Amino acid sequence: MKLFDVYPIYNIEPVRAQGSYVWDNEATKYLDLYGGHAVISIGHAHPHYVEKLTEQLNKIGFYSNSVRISMQEELAEKLGALSGYQDYALFLCNSGAEANENALKLASFHNGRKKVIAFSKAFHGRTAGAVAVTDNKSIVAPINSTDHVQFLPFNDVAALEQAMNEEVCAVIVEGIQGVGGVNVSSEDFLQKARQLCDKYGAVLILDSVQCGYGRSGKFFSHQYAGIHPDLITTAKGMGNGFPIGGVLIHPKFKASYGLLGTTFGGNHLACAAGIAVLDVIKEENLVENAAKVGDYIMNQLKTISNIKEVRGRGLMIGIEFEGSADPIRKELLFDHHIFTGASGKNTIRLLPSLALQRKDADHFLENLEKIITKNYIMK
Ligand SMILES: Cc1ncc(COP(=O)(O)O)c(C=O)c1O
């Protein structure tokens, strides 16, 4: 059997990783400023994480949600305390798409409606509901396309005001759009969305799968706007590589047996990973580090000429160029051994570990400037 060929890949095979570095099978060392799509939050192979997962595997790796798993309660408690959402409840699942899928279901169960408002360039995942609210027709199969979703221009307060009414079930928005280009939801847009959802009885869902878990320099990026969403979805950095997702649920939502469910969600290993991540984020002040190192990188980038725009918050940074960013990314990777990501054609996307150090940021900045200067002079 061969693999179903859906991923364009680089011919590099990482076999070992530590902190912000990975090594390939020829022992070449790379600086990882992408964290495998924003997943590596506390750093690769963090000793506390490795110890906790190993210990757990030797005790019990899995049992279903038909028994008490007190680690789920520990995870919920620690997440509530660190994020400032102690009064919310937690539903555990396995991925970002699944978190959004469950959030949309909860919203619809709650107010009995089905119309959802989503935004241009949104990405919420690939399962049925999540892909239906994703603004990319090429990944929506006919079976997933629906009339229930209305797409509005991102950050457009007037358009949102006009579209809202008593038929709207939910508004779903990323605090910072990732795949769409590292576009920050403006504070007045989020505040208006909150007000309008309250006015019309709609549910406000903040997809924090990519921008959450400390990446923005606050635990959740919407906390810059001072709002409280009804539902917050998370995944990616939550498990530092172990698949885990979650929905943080406002107390007004009523739970009942069977309303939601999953076989794997909240299993012992996932909880061990999730708890270890929260312990390290807290112990090592990684949210503060993301804010500090992120600000530093963004300020430095703004001094480099021939960059069109720098967007983002904390360690979620988009660097847009006039032309394609692809040659720059390739040069960073193959000549300087630095992994970065992309958003669309012209934007480099940085999503490093929240523990990234300033010396690594400097290494990246120096090499990026060299590449830009060289290419600019050559033109
Ligand atoms: C904002 C956002 N939501 C949802 C998802 C889907 O997450 P997953 O790939 O874990 O299903 C992603 C993945 O990139 C994302 O960036």
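## Around helix α8

Just after α8, Asn 285 takes a positive phi of about 50°. Helices here are DSSP runs of H or I with at least four residues, strands are runs of E with at least two, and both are numbered from the N terminus. This is a predicted model, in which local features need pLDDT of at least 70, side-chain atom pairs count only at pLDDT 80 or more, and totals for chains, interfaces and linings use all residues. Residues are numbered from 1 along each chain as its sequence is written.

Helix α8 itself covers residues 268-283 and reaches 22 Å from its first C-alpha to its last, close to the expected 22 Å (1.5 Å times one less than its number of residues). Of its 16 residues, 12 are buried, meaning that 20 or more other C-beta atoms, placed from the backbone, lie within 10 Å of a residue's own C-beta (12 or fewer: exposed; in between: partly exposed). Among them are Leu 269, Cys 271, Ile 275 and Val 280. The buried residues pack against α2 (47-59), α3 (70-83) and α9 (286-301), with contact taken as C-beta atoms, placed from the backbone, within 7 Å.

## Strand β5 and its partners

Strand β5 (residues 115-119) is mostly covered too, with four of its five residues buried. Strands pair if DSSP finds at least two bridges between them. β5 runs parallel to β6 (residues 149-152), joined by four bridges, and parallel to β7 (residues 168-174), joined by three. Val 116 has Val 149 as its bridge partner in β6 and stands opposite Ala 170 in β7.

## The ligand shell

Helix α4 (residues 96-111) gives the most to the shell around the ligand, with three residues.

Definitions and conventions:
Contact = placed C-beta atoms within 7 Å.
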